[in-house]
Amino acid sequence: MIKERLALTYDEYEEGKTFTELMENFVGSPNAKEVEYLEVGFWGEPYDESSDNIVKFIAENSSKLPKLKGIFIGDMESDECEISWIEQCDMAPLFGAFPQLEELVIKGSNNLRLSSLNHANLKKLVIICGGLGKDAIEDISKAQLPNLEHLELYLGEDNYGFDGSIEDIKPLMKKGLFPKLKYLGLKDSEIQDEIAVEIAEAPILEQLEVLDLSQGTLTDEGAQTLLNSSKIKNLKKLDLSYHYMSEGMMKKLKTIGIDVDVSDPQGEDEEYRYPAVTE
Amino acid sequence: MNIDFVIIGNPENRRVVFFQQALELLNLKPAKVVSYIDLLTGANKIEDYIKDDVIIRLESPGENFLVEKELIALGEEDGWISAVEARGLEYENGRIYYPAQWYRGFCSFLKRIDDRVNKAGKRFQWMNPPGDIITMFDKRLCQKLLRDSGVSVPSVLKKCGSYEEVQEVMKETNIRRVFVKLACSSSASGICAYQINPRGDKEVMYTTVEIVRRDGELALYNSLKIKKYTSNRDIKDIIDWICGQGAHIEVWIHKETFERQVFDMRIVTIGESACHNVARLSKSPMTNLHLGNKRGNVADLNLSPDKLVGIFQEAERAKGVFKRSLYAGIDVLVSKGGHVPYVVDVNAFGDLIPGILYKGRDTYGAEIEEMINNIERGD
Ligand SMILES: Nc1ncnc2c1ncn2[C@@H]1O[C@H](COP(=O)(O)OP(=O)(O)OP(=O)(O)O)[C@@H](O)[C@H]1O
């Protein structure tokens, strides 16, 4: 896969270089027409200026990017910008401009929308954020994505933009919503237990290979319903890593006969204080 | 060879043990160890250990609460608490007590030792002299000295005495992301990565500081788990407290990442050469290894050979500012994308990186060899 990464470096940003210059240089270069995957990283002040101009620019220049199959908007670490502060926009122009797009990854969710999402070829959609708004969740649950195989949503917490409830997430658990879906991630949620309870007997499990409920606040309560579920064994993999379950629960989950990831327990009673070492 | 080493340190500490092991490996006789606590309480005198051609090594006073209390007591003048109160402090794991007063005490102690050693009237050598250690320990002094000598360091914000002033300066200079550091500390104690978002006036701080409010008072602790604060009350209290103790505030550089983790490098520089080095990789803005971060090989970080040379040269340039010292642990990070090196810290006791060898020797062995070479060359 031929990748291109567009990002302002810290030093370029300090010197006053702009992201627009970077993008113009890129689409003007002969190599643009070969690029299959485009990563958009730090664009200056992502907490202040949204990705709107970038998304529009890429969409407007789609004819110069004939092989583009994957896009990542906001590929930066928290060392560059607090993830929950990244200002996004409506991604609709990308879907219209790139009918051959197969993968879209988005980091950051402020003002993120995926309105009127209807795309024949998209296989993978990932949204990494501190909290996903219910508008964006609704956009996805109304989307027509006949080829979608992998849907991974960081739902987050209300401090960082999650303003929904389990009722907003439920529509994503409908069997056949995305007929080819094999991987469903409803993760990094502050209501991870509710999600586990809701999905434990949901018919969608009959079509999935991987259920990813990792990175959230899952406790024994949610885990118990997964354990009791009659459908969970149809999965190939259940990802519950980073959780608040007890040792006992972790052991039980290990015995259900499918691959269950219970790594990275967040035990509460560990001692985290340290004496300063003088060096 | 018959060389006498004297270590001023905490005898129970692994640092002292490792140094003795290194001497043994080189077939040298063990160093005499004078404990900080004995020197501080007067139970022992440094003069008694100084004879001709002795080499004196100052080790870290850290990880010993009695010593910490005595140093705070020694810094009582213009301090927060009296010597008596200092000696009565109760041990609590991770508690940060009066770091500025501690530093004052440590400086007085070092000056006193320096004085007494000089007055002993013998030929002696320091591995690292007290004066350099005093400077390296104060990030304000040290970073200024580095900058004035042309070493690449992050830009510094002007002096701030409170949270409000920090806000003002950040707005004035349009700098949204800074590191607020306790000026006189180490091992990531009192280090905060702080950023403000002009949109909606949000702010967030990642820090090793854990703040606890008890009976209307603040107690601060070092936390191995990076804390994230978004409430103005917590952030303000922490910044005010650090400013009260003396703050060093500099621009937060976007660190380069490797496999989605940010990294910096600890480069132990001995004599004039960058020797032992290790990459420190982290998912948080603080890469210090004791916080549970991962070690890595500097050679594996996808840095070009040119950039690597530049990084090592920058460490050597930083070390060059302290010519009278034999060694220092230099922390260097490189900016994301451009790989411009920045020296963020010079650690007087930054040579504890067990298991890392350079030309077959650990840091201690390499330091001893360099010392002996210097003597043989007659420097
Ligand atoms: N200006 C900066 N920009 C980005 N990261 C920084 C900056 N300053 C320090 N850091 C990171 O913060 C951590 C602690 O830094 P620093 O070396 O200043 O603290 P310290 O307490 O003296 O630690 P040590 O004893 O290991 O030197 C390191 O991981 C370092 O890479």
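Lys and Arg count here as positive and Asp and Glu as negative, while His and the chain ends are not counted. On that basis, chain B of this predicted model carries 52 positive and 53 negative side chains. The centres of the two sets lie 4 Å apart.

Along the principal axes, the C-alpha atoms occupy a box of roughly 70 × 55 × 35 Å.

Burial and surface were examined next. Of the 379 residues in chain B, 59% count as buried; the cut-off for this is under 20% relative accessible area. The accessible surface of the chain amounts to about 15600 Å². Carbon and sulfur atoms account for 47% of that surface. Contacts were also sorted by sequence separation. Among those in chain B between residues at least 6 apart in sequence, 66% join residues at least 24 apart.

The domain assignment divides chain B into domain 1 (5-126), domain 2 (163-251) and domain 3 (255-377). The C-alpha centres of domain 1 of chain B and domain 2 of chain B are 31 Å apart. These two domains touch: the contact takes 11 residues from domain 1 of chain B and 12 residues from domain 2 of chain B.

Terms used. Residues numbered from 1 in each chain as written. Chains lettered and ligands numbered in written order. Predicted model: local features only at pLDDT ≥ 70, side-chain atom pairs only at ≥ 80, totals over all residues. Heavy atoms only, no water. Buried < 20%, exposed > 50% of the residue type's maximum accessible area, 1.4 Å probe, protein only. Contact = heavy atoms within 4.5 Å. Areas by Shrake-Rupley, 256 points an atom, 1.4 Å probe, with all protein chains shown as cover. Charge placed at Lys NZ, Arg CZ, Asp CG, Glu CD. Domains from an automatic or database assignment.
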